[in-house]
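Please look over the sequence and the model slowly before reading on.

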Amino acid sequence: MDDATDQQLRAFLTGNDPASRDPELHRAVASVLLPRPRAAGGPGRHRELYRRMRGLNAALGTGSALMRNPRRFFALEEWVAVADPALVGPLLIHHCFALGSVMRYGGPETRAELARLDTMRAIGLVLGTEAGHGSSNSPGAPRTEARHDPGTGRFTLHTPDASARKIMPGAALDGVDKTAVVLARVRSEGTDHGVHAFLLPLRDADGLRAGVHVTALPDVAGIPLDYSLITFDGAELPVGALLSEDLAARDDGVLVRSSTRPDSGLGPPNSISPSTWTAAASAAASVARAAVDIALAFARQRRTSGCPAPGKPALAHRNQQRALLDSLATAYLISALAHHAQETCTAELTGTPPAPGPEDPQGPHLLAVAKVAVCAEAEHIVASCRRSCGLFALFPANRLTEYADLLHVLHPGTGDSGLLRLDIGRVLSRRSPTPPGPGTMPRPPANPIDISGWLALAHAREERLRSALAPRSGPPGGRPTDEERFAHENNLILDGEQLVDAHVHRVLLEVFHHRLRGIDDPSARRLLRQLGALHCLNDLEDHAASYTAHGLIGAADLRDLSSVRRSLYDAVLPHVERLVRAFRIPRDLLAAPMTEPDYVDALTRSSG
């Protein structure tokens, strides 16, 4: 039976959110997604994926009901990520981009298509990224054109050249209805009205819509889908297809902007990016927890044969502790941030009061920071778990390769993390640095589990990096050419990335420290502080040059890190099972042979 420590560890991770332990959600996911498919890819696997998507929709009700309950949607993405990672992206795109855009921006003319998306009679896609122009949220992209005829009020879609073909949407499979949100640059009577979104029924039982040409791409082993290239040749958009809050046609057919919102290169989906960022962070944190669960179970029972102590479990060795206990620590931090992002996003979407936390109205959007931070850290965690498990991690049945593939997809998808980092860096560099407060210079805390001391050090590093960057971050003087502007910004990127790294670390610690205040059980509080200290030690080692260059640490601060780390491992190791149990991952959804006592026999049975 769980004691107070178990309960408070769970509360730290999820705030006792009912959606995270919803038995109906568990039953629906298990009934539809188990047993897991055996087919590696190809049309059969693609049809099975869409069948599963529709099965989940039928079991849980309409998609619009799910979108009106964001916490339940995020919990669904978490559990689906554990059970069948290939479904995470298609579900996120269908609900957040396609269905969400129509719910928010659609009018009377889109009701029929909304109903098809709501019941998944049509699978929703987003057509943003173009083959030769990078991510759809790059400035200046996309180049696909939506040409407007003021006389008829109609739009037609056109692909100006091969480099502007839409790439990667799952649209190549016959016999599955697809409806897409297409990002295109609006042109009318010689005027460029910027990038906006349009609703396009792409294919139905009769085949592709006229003016749409689809070329199938090779399958992707880890995340199989009917990927494609799409070209438009005068595809006529239905009346009411424009999904925009700031572009409309007057009675005489002339297009006018109803706001001064700058063209971001995203169109209306930019307004629903918070839900996509949060869903991506939720799924990433979930597979990070699952990977840690699997790898620690394996390391606790697998025996080693090397000298001087053959027969010891793998986890008894310091190198395994470094790989897996550090991963456990970071999994706790990113899970806290992902759950805080869920609270923040739900408040934004439902108009309820926001959860208290480290939001900064003048800083980068916390949900963008969460997407960048959680996905990056989760990728490190899964990679570390895979390495520690050796050849057993190669078998798909043990899930770790699938989790790594999902994280690879989440990085460029749902708002490219690399571009989000550049945007975050620009916002941070434009802010005035905070002058150092009175008193001594922050140093690594004498007590390594003093999280407030680590937080003060993180603040100091971020502010010193900002102070160093701020004088160079303004626009170049005079009337610079495009090449000069590029050179100026390009020369800021590497220093800007250091600032982003510092900011991300500080936000992780802010959320961790804030949630720690709500933990009053002494054992839970001590364990959490020890995990936080492990993460901070890693940051200190990873960025030792930066801390040193800005006068925040010296050689003496680094000299004893190994002994501090060993003492923390010894403190955490007896509680590993308790800490993993707090993840509450349903065993039927995890179902990795490596977690079984006889993992070789379990692996053999999984292939039969």
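**A walk through the model**

The largest cavity holds about 260 Å³ of space. Nineteen residues line this cavity, and those closest to its centre are Thr14, Glu78, Trp79, Arg289 and Phe583. The structure is a predicted model, in which local features need pLDDT of at least 70 and side-chain atom pairs count only at pLDDT 80 or more, while totals for chains, interfaces and linings use all residues. Residues are numbered from 1 along each chain as its sequence is written, and side-chain values use heavy atoms, with hydrogens and water left out.

Some terms are needed here. On a 1 Å grid over the protein atoms alone, a cavity is a set of points where a 1.4 Å probe fits but cannot get out, whereas a pocket is an open set with protein on both sides within 12 Å along at least five of seven lines, and lining residues are those with an atom within 4 Å of a point. Grid points are joined across faces, edges and corners, and a volume is the space filled by probe spheres set on the points. Helices (H or I, at least four residues) and strands (E, at least two) are DSSP runs, numbered from the N terminus.

With these terms in hand, the lining of the largest cavity can be read by element: helix 1 (4-14), helix 5 (70-83), helix 8 (273-301) and helix 9 (318-350) each supply at least two residues, and the largest share, four residues, comes from helix 9. By class, this lining has nine nonpolar, six polar and four charged residues, where Ala, Val, Leu, Ile, Met, Phe, Trp, Tyr, Cys and Pro count as nonpolar, Asp, Glu, Lys and Arg as charged, and the others, Gly among them, as polar.

How many cavities of 30 Å³ or more does a search of the whole structure find? The search finds two, and the second largest cavity has a volume of about 50 Å³. Its lining includes Met53, Leu56, Asn57, Leu60, His95 and Met120. Helix 3 (42-60) and helix 6 (88-105) each give at least two residues to this lining, with the largest share, four residues, coming from helix 3. The lining of the second largest cavity divides into seven nonpolar, four polar and no charged residues.

Strand 1 (residues 123-127) is mostly covered, with five of its five residues buried. In a regular strand the side chains alternate between the two faces of the sheet. In strand 1, Ile123, Leu125 and Leu127 point one way and Gly124 and Val126 the other way, and all are buried.

Which way does strand 1 run beside strand 5 (residues 178-188), parallel or antiparallel? The two strands run parallel and are joined by five bridges; strands count as paired if DSSP finds at least two bridges between them. Along this pairing, Ile123 stands opposite Lys178, and Leu127 stands opposite Val182.

Strand 5 has other partners too. Strand 2 (residues 145-149) pairs with strand 5 in the parallel sense over three bridges, and here Ala146 stands opposite Val186. Strand 5 and strand 6 pair in the antiparallel sense over ten bridges, with Ser188 opposite Thr191. The hairpin of these two strands has two residues between the strands, and in it Glu189 takes a positive phi near 50°.

Strand 5 is mostly covered, since ten of its eleven residues are buried. Leu183 is found in strand 5, and it counts as buried because its relative accessible area is 3%. The C-alpha atoms of Leu183 and Thr129 are separated by 8.6 Å, although the two residues are 54 residues apart along the chain.

Note on methods
Buried < 20%, exposed > 50% of the residue type's maximum accessible area, 1.4 Å probe, protein only.
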